[in-house]
Amino acid sequence: MIEFQYKFYSIIIRNCIINIINLDAFFCSNTDGALFISHTVYPMNRKQFQAFIYLLISFLFTSTIAGYANDFKQEHLVLPPAIMKNIETTIQIKGGHSSDFIEPILLINGIKKELDSNENGLFIKYTFSEKTELQLIQQNHIERRDITPIPLWLSILPPLIAILMALITKEVFSSLFIGLLIGTTVIYKYSGIGFFVAIFKGAFAIIDTYLMQALLSHEHLSIIIFSMLIGGMVTLISLNGGMRGIVNILSRYANNRRSGQMITYLMGLLIFFDDYANTLVVGNTMRPVTDKLKISREKLAYLVDSTSAPIAAIAFITTWIGAELSYIQQGIAEIGLDASAYSVFLQSLKYSFYPLLTLLFVPLLIWQKRDFGPMLKAEKQAIQANPGDFDKKKRSPQIMKELELADDVIPRWFNAAIPVLIVVIGTLAGLIYTGWDVNVWGNSSLNFTTKLSQTIGDADVFNALIWSSLAGVFAALILTTSQRILNLKESIEGLINGFKTMFHAILILSLAWSLALLTDHLHTAEFITGLLTAINISPQFIPALTFVFAAAIAFSTGSSWGTMAIIYPLILPAIWKIGLEAGMNTEEILPLFYNAVSCVLAGSVLGDHCSPISDTTILSSLACSCNHIYHVRTQMPYALLVGSTALIVGTLPSAFGFPVILSYLLAAGILLAFIRLKGKLI
C-alpha cells in the first residue's frame, strides 16, 4: 500500500486522476487555497502505475505550454494588419512596460533595439525594407516572427481594380467587393499563407474584419440610421399627399411654356431633400401640365434631372448629406485636420461649380426661350404635335409604385411642409445645442457669422441629424394617421418601404467604408502621394483631375454614390500630403482641399447626368414617360457645356487663387452668351 500526496491547483486534473485509476481520495486545502490530495493506491501492476504517471505529466506539460503560448500570443507582440515596404511601422509590445522587473528585449535581425513607452506598453517605430526576423525575449520566452513587407505599389490594386471593374461591368457592388478581396488576399499572402488559402481567408476577412469594423463605428451607424429615417419620411409624405399638394399649388401658375418650365424648375428646388423623390414626384405631376403647354417630354426630363441630383448634392439636409459627411470625416481623420466634417462641407460648397452652374443654366434657358442641339429639334416637334400624340404609356419600377398616391387621398401641402421644416429647423437647433459654447457667444470681439460658424464646427452633426430626422418621421406619422389618410399599420408599412429604398445606398456605403479602411491599412494614400510627387504635378491641378476622374467613373458606372465611395478615401489624404510635399502650409492647402472635396461631388453629378445607365437618369425618363435614349441624347450637350465651363472657368482658376465670385460671374456670362449665339428661339 503506497500513500501519495500531490499539490494541485486545478479541479479538472483532480477529476481526471479519479477517473483514470480506482482510488479512495481525500482532498483538503491549505492556507493559500491550493488543493492537496492524499490517497491510497490499491494494488496495481507497474505498467498501470507508469501509465498513470506518464499521463499525468503529459497533461501538466501540455496544459502549461498551451497556457504560456496562448498568453504570449494575446498579450505581447502586436503588429499592424499590413506591413508595407519603406513605410514606418509601429511594433507594439502589449503588456510590457519599462517599469517591469525584467524588461522585454526586441531583436530585429539579431540586433537589439531600444524600446519606447506609451500608455499601451512598450513600442518601437521601424521601417521594413526587406524580409526581416523579429525576436521578442520576455520572461525566458522567445517569440519569433518572420516579416515580409508588402511592396507599396500593391496598395493601389484594391481601389484601381474596383475602378476598372466598375468601368467594365457597369456595376458597383461586385466591383467594390473584388477590390476588397484583392487587398485582403495580398495581406494574407505576404503573411506567409499559401495563395489559395489567402483567397479564402481574405474573403472571410471582408466580412468578419473590415465590414464589421466599418459598421461598428458610431459615426457610420449614425449615417445609416439617418438615411433610413429620411427615406421613410420621404415615402410617407409622398403617400399622404403632402408633396403632391405642394406641386398642385405651384402648378396653378403654369399658364404658358415659359411659366410651365419655370414652375417645374422651382418645384425641383423645393423638393431638395431626395433626388429620387424629386424626380418621381415632379416628373409624374408636371407631365400632364407640360403636355398641355406643348413642352417636349425631353425638356421635361431634362428639367427634372437637372434639379434632382444637383440640389440634393449641395443642400444642407438631404439623403446625400450623410454619405458626404462620412467620406469627408474619413479624409480629415486620416490627415489629422482639426475641423468637423460639416464645416468642411460648408466651406467646400462655394467650389461646387457644376451643380451650382447647372442650377443657373436651367433658368437662363427658360428665360431666353432658346434651345440648341437635339433639344431644339425635340421642342420643335412638341410644338407641332397634338397633345394626343404624346405617348401615355409608362413602366413603373418598384420605387415608383411605392411612392404612388392613392386616388382617394386629398393632397395637402402642409403634410409635407411641416415634417420637412421640422427636419431643417431641428437640425439647425441640434447643431447649435451640441456646439454651444458660452465663451464663444460671450466674446464681443467675434461677429455673429464667426460665432455661428465656430458653433457648427464644434457641433455633434450626427446626433443633430438623427434627432431632427426622427422628429420629422414622427410628425409625418402623426399627420398621416390623425387625418385618417392611412391607418397605423399602413403608415408603418410605408415607413418600412422607405427604409428599403435606402438599402442600395447603405450597401454601397458599407462596402465603401470597408474599402477605405483597407486602403488605410495598405497606405494607398502614401503611394498616390509619392507617385504624383515623382511626376512633379502641381497641387493646383489636383482638383481639376479629380473632377474629370470622378465624371468618367460616374459616367461608366451610372452611380454618383459609388463614385464618391471609391474616390473620396483616395483623393482627400493625397491632396493634403501633396501640398505638404510641395512646401505649402495649412492655410495654403485648405482651399485646394475644399476644392477637391467639391470636385468629387461635382464630377460624380456630371457623370451621372451623362450616363445612360444612371438610376436618376432612368427614373427621369420613366417619370416623364420620355424615351430614355432621347433623354440622354438631348441632355448630354447641355451637361457637357456646363461641365466644361465649370472646369475651365471655375475649378482651374479658383485652384490658382482666382476669386470664386468672379469665376461664377464669368461662367454665367459665357453660358448666357452661348445660349444667345447658338440657341434658337422657340
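These legends walk through several close-up views of the structure above.

The model is predicted, so local features are described at pLDDT of at least 70 and side-chain atom pairs at pLDDT 80 or more, while totals for chains, interfaces and linings use all residues. Residues are numbered from 1 along each chain as its sequence is written, and side-chain values use heavy atoms, with hydrogens and water left out.

**View 1. A network of salt bridges links Arg 257, Lys 299, Asp 371 and Glu 379.** A salt bridge here is a side-chain nitrogen of Lys or Arg within 4 Å of a carboxyl oxygen of Asp or Glu. Five such bridges are found in the structure. Start with Arg 257 and Glu 379, whose side chains meet at 2.5 Å, N to O. Arg 257 belongs to helix 8 (residues 257-270) and Glu 379 to helix 15 (residues 374-384), so this pair ties together parts that are 122 residues apart in sequence. Helices (H or I, at least four residues) and strands (E, at least two) are DSSP runs, numbered from the N terminus. Arg 257 is buried, with a relative accessible area of 19%, and Glu 379 is buried at 0%. For these labels, buried means under 20% relative accessible area, exposed over 50%, and partly exposed in between (1.4 Å probe, protein chains only).

**View 2. Lys 299 forms salt bridges with Asp 371 and with Glu 379.** Between Lys 299 and Asp 371 the closest N and O atoms are 3.0 Å apart. Lys 299 sits in helix 10 (residues 297-305) and Asp 371 in strand 12, so the two join parts that are 72 residues apart in sequence. Both Lys 299 and Asp 371 are buried. For Lys 299 and Glu 379, the closest N and O atoms are 3.9 Å apart. This pair connects helix 10 with helix 15, so it ties together parts that are 80 residues apart in sequence.

View 3. With 19 residues, helix 29 reaches 27 Å from its first C-alpha to its last, close to the 27 Å expected at 1.5 Å a residue; the expected span is 1.5 Å times one less than the number of residues. Look for Val 660, Ser 663, Tyr 664, Ala 667, Ala 668, Leu 671 and Ile 675, which are buried in helix 29. The buried residues of helix 29 pack against helix 14 (353-368), strand 12 (370-371) and helix 28, where contact means heavy atoms within 4.5 Å. On the face turned away from the buried side, helix 29 carries the exposed residues Leu 665 and Leu 677.

**View 4. Phe 541 and Phe 656 form an edge-to-face aromatic pair.** Rings of Phe, Tyr and Trp (its six-membered ring) pair if their centres lie within 6.5 Å; planes under 30 degrees apart count as stacked, over 60 as edge-to-face and the rest as tilted. The count by this rule comes to 15 aromatic pairs. The rings of Phe 541 and Phe 656 are 5.3 Å apart, centre to centre, with 75 degrees between the planes. Phe 541 lies in the loop between helix 23 (524-534) and helix 24 (542-557), and Phe 656 in the loop between helix 28 (628-655) and helix 29 (660-678), so the pair ties together parts that are 115 residues apart in sequence. Phe 541 is partly exposed, with a relative accessible area of 38%.

**View 5. Ring pairs link Tyr 302, Phe 361, Phe 372, Tyr 638 and Phe 674 into a cluster.** Another aromatic pair to look for is Phe 593 with Tyr 594, edge-to-face at 6.4 Å centre to centre and 65 degrees between the planes. Phe 593 is buried at 0% relative accessibility, and Tyr 594 is buried at 13%.

**View 6. Strand 10 pairs with strand 6 and with strand 11.** Two strands pair if DSSP finds at least two bridges between them. Strand 6 (residues 105-108) and strand 10 are antiparallel over four bridges, and Leu 106 has Leu 136 of strand 10 as its bridge partner. Strand 10 also runs antiparallel to strand 11 (residues 141-147), joined by seven bridges, with Leu 136 opposite Glu 143. Five of the seven residues of strand 10 (residues 132-138) are buried, so the strand is largely enclosed by the rest of the structure.
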